[in-house]
Amino acid sequence: MRVFDKRYLDQLATVYDKKTVEGLNSKLAEKDHILLNHSGVVLPGKDTSRFQKDGFKESDLLYCLHDLEKDLVVFATKHIGKILSGGYILDAGCGAGGSAILINKESGCKIDGYTLSEKQKDFANHVAEEYGVSKTVKFYQGNMLNLENVSSHTFDVVWACESTEHVSRKDLQVMFKEFSRVTIPKSKVVIIAWTSRAGLHKDGKRIKKALDEYYLTDIHLEQDYIAAARKEGWLATETLDLADMTLPYWELRQKSNNATGSEKIFIEGYKNDALSYILYVFGKRNN
Ligand SMILES: C[S@@+](CC[C@H](N)C(=O)[O-])C[C@H]1O[C@@H](n2cnc3c(N)ncnc32)[C@H](O)[C@@H]1O
């Protein structure tokens, strides 16, 4: 078994323990308890224009931001493709469970989520109970690079939203290898990730560094995912840049009294094309 950097994993767990009880993510989940630790997207046809004018209520803006974050899940779930309601999904780096509960609502699938944070795991299981889905949506504390309690060939789909940025570049292949082990032959991996243009764009390196320091990440190049996946038998069947859809979310978020400070980095990155926001779908080779 590979030994991972325990100090880093513990540090990350502490960060997400804290985000479960305070800060913008937890504030957005106050009403419906669907706690999300990811960005939002403005889907075609969604009107957010009233926030362009002054005088909007902060509570309305927070409601809108939460809605846009939920829309990301609804949008990306469609890219999982046809899984029967008997499908079984691994939510790798599940956060506090909001996405899994929404995916279950959209697809009826059974879902196991894994997070490093004990508080996220407890919160998520509690909310699954509250939503009456605790028999089909379950959360565990564990490392998605080494799912030691998961039998081989368990899942139909792996979903990883804004979690793989925390995997170091040298471990990306390890991650895809573990995803191979725990999935059945005709499975899919859906990844949503901020990807860097370091070395490809004049501001790419600076934007990556600023976000990596802020979020304790190692944001990868778009190509890094494709290369690491390929080595473990996964072929990218879809690569979609959602930058234009997520930029307005960050612009709206910057107007909030509850903005966290990272908004300006995302806005600059997406506006200048120094950062991208990629939705990948990978399928197993020879299937
Ligand atoms: C930005 S949050 C995203 C949470 C969730 N996917 C969402 O969309 O709301 C990152 C999550 O990845 C998890 N994570 C990071 N590295 C992990 C690892 N090696 N194993 C399990 N979870 C991990 C963290 O615990 C955290 O829950």
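Author: Two residues are in contact if their C-beta atoms, placed from the backbone, lie within 7 Å of each other. Before using that idea, please keep in mind that this is a predicted model, in which local features need pLDDT of at least 70 and side-chain atom pairs count only at pLDDT 80 or more, while totals for chains, interfaces and linings use all residues. Residues are numbered from 1 along each chain as its sequence is written.

Reader: Which residues does Leu221 touch, if those up to four places away in sequence are not counted?

Author: With those sequence neighbours set aside, Leu221 touches Thr195, Ser196 and Ala198. The C-alpha atoms of Leu221 and Trp194 are 8.9 Å apart in space, although the two residues are separated by 27 residues in sequence.

Reader: Where is the place of Leu221?

Author: Helices (DSSP runs of H or I, at least four residues) and strands (runs of E, at least two) are numbered from the N terminus, and Leu221 has its place in the loop between α7 and α8. Burial is judged by counting other C-beta atoms, placed from the backbone, within 10 Å of a residue's own: 20 or more make it buried, 12 or fewer exposed, and a count in between partly exposed. Leu221 counts as partly exposed because it has 18 C-beta neighbours inside 10 Å.

Reader: Which residues is Asp218 in contact with, leaving aside its neighbours within four places in sequence?

Author: Asp218 also has its place in the loop between α7 and α8, and, with those neighbours left aside, it is in contact with Glu165, Ser168, Arg169 and Asp212. Between Asp218 and Thr164 there are 8.8 Å in space, C-alpha to C-alpha, against 54 residues in sequence. Asp218 has 18 C-beta neighbours inside 10 Å, so it counts as partly exposed.

Reader: What is the phi of Leu216?

Author: Leu216 has a positive phi of about 55°, although it is not a glycine. Leu216 is found in the loop between α7 (204-215) and α8 (222-231), and it counts as partly exposed because 13 C-beta neighbours lie inside 10 Å. Asp273, another residue other than glycine, has a positive phi near 70°; it is found in the loop between α10 (263-272) and β7.

Reader: How do the axes of helix α1 and helix α5 cross?

Author: Two packed helices are described by the angle between their axes and the distance between the axes. Axes here are lines fitted to C-alpha atoms, for helices over the stretch in contact, with angles from 0 to 180 degrees between N-to-C directions. The axes of α1 (residues 6-21) and α5 (residues 118-130) come within 7 Å and cross at roughly 40°. That makes α1 oblique to α5, since angles under 35 degrees count as roughly parallel, over 145 as roughly antiparallel, 65 to 115 as roughly perpendicular and the rest as oblique.

Reader: Which residues in α1 and α5 meet?

Author: On the α1 side they are Ala13, Tyr16, Asp17, Thr20 and Val21, which meet Glu118, Lys119, Gln120 and Phe123 in α5. By class, this contact has four nonpolar, two polar and three charged residues, where Ala, Val, Leu, Ile, Met, Phe, Trp, Tyr, Cys and Pro count as nonpolar, Asp, Glu, Lys and Arg as charged, and the others, Gly among them, as polar.

Reader: Is α4 mostly covered or mostly exposed?

Author: It is mostly covered, with seven of its 10 residues buried. The buried residues in α4 are Gly98, Ser99, Ala100, Ile101, Leu102, Ile103 and Asn104, and they pack against α3 (58-77), β1 (88-92), β2, α5, β3 (137-141) and β4 (155-161). Just after α4, Gly108 takes a positive phi of about 75°.

Reader: Which residues have the most contacts inside the largest nonpolar core?

Author: A nonpolar core is a set of buried Ala, Val, Leu, Ile, Met, Phe, Trp, Tyr and Cys residues joined through C-beta atoms within 7 Å. The largest one has 73 residues, and those with the most contacts inside it are Ile89, Ile103, Val158, Trp159 and Ile191. Strand β7 (residues 275-284) gives the largest share of this core, seven residues. Ile191 touches Ala160, Thr164, Tyr225 and Tyr280, again not counting residues up to four places away in sequence.

Reader: Which residues come nearest to the ligand?

Author: A residue is near a molecule if its C-beta atom, placed from the backbone, lies within 6 Å of it. Of the 22 residues around the ligand, Asn37, His38, Gly93, Gly95 and Ser163 come nearest. The elements that give two or more residues to this shell are α1, α4 (98-107) and β2 (110-115). By class, the shell has nine nonpolar, 12 polar and one charged residues.
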